[in-house]
Amino acid sequence: MSRYMDVHHGMQGITADQLMEAHQADLAIEKEEGVHFERAWADPESGTVYCLSEAPSAEAVQRIHERTGHKADEIHEVPLTV
């Protein structure tokens, strides 16, 4: 499995509760695509949200996000960590 960081734009004003709700929606169906969403971060001022996951592919990550109503604008494989 690979690790992915996906980015969502246009979410200005997102609250902690809304971020948690979106993350929980992903967690509820992630196993159907073999994905595990580890963590999410948000900057309400810029409207940027980041999600870190392990998944078989970027497409699997996107399918989960699409089904839960928040398609990612970018998905990047993260092959190196320290």
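The chain carries 6 positive and 16 negative side chains, and the centres of the two sets are 6 Å apart. In this count Lys and Arg are positive and Asp and Glu negative, while His and the chain ends are not counted; each charge is placed at NZ of Lys, CZ of Arg, CG of Asp or CD of Glu. The model is predicted, so that local features require pLDDT of at least 70 and side-chain atom pairs count only at pLDDT 80 or more, whereas totals for chains, interfaces and linings use all residues. Residues are numbered from 1 along each chain as its sequence is written, and side-chain values use heavy atoms, with hydrogens and water left out.

Two helices and four strands are present in the chain, arranged along the sequence as β-α-β-β-α-β. Helices (H or I, at least four residues) and strands (E, at least two) are DSSP runs, numbered from the N terminus. The chain has a radius of gyration of 12 Å, which agrees with the value near 12 Å for a compact globule of 82 residues; the radius is taken over C-alpha atoms, and the globule rule is 2.2 Å times the number of residues to the power 0.38. The C-alpha trace spans about 35 × 30 × 20 Å along its principal axes. Among contacts (heavy atoms within 4.5 Å) between residues at least 6 apart in sequence, 67% join residues at least 24 apart.

Of the 82 residues, 33% are buried, where buried means under 20% relative accessible area, exposed over 50% and partly exposed in between (1.4 Å probe, protein chains only). The largest nonpolar core comprises 12 residues: Y4, I14, L19, I29, V35, F37, V49, C51, A55, A60, V61 and I64. At least two residues of this core come from each of α1 (16-29), β3 (48-55) and α2 (58-67). Such a core is a set of buried Ala, Val, Leu, Ile, Met, Phe, Trp, Tyr and Cys residues joined through side-chain atoms within 4.5 Å. Beyond its neighbours within four places in sequence, V35 contacts E30, S53, E54, A55, P56, A60, V61 and I64.

In helix α2, the buried residues are A60, V61, Q62, I64 and H65. Their cover includes β1 (2-8), α1, β2 (36-43), β3 and β4 (74-77). Just after α2, G69 adopts a positive phi of about 90°.

Helix α1 contains H23, which is buried because its relative accessible area is 13%. Residues up to four places away in sequence being set aside, H23 touches F37, E38, R39 and A40.
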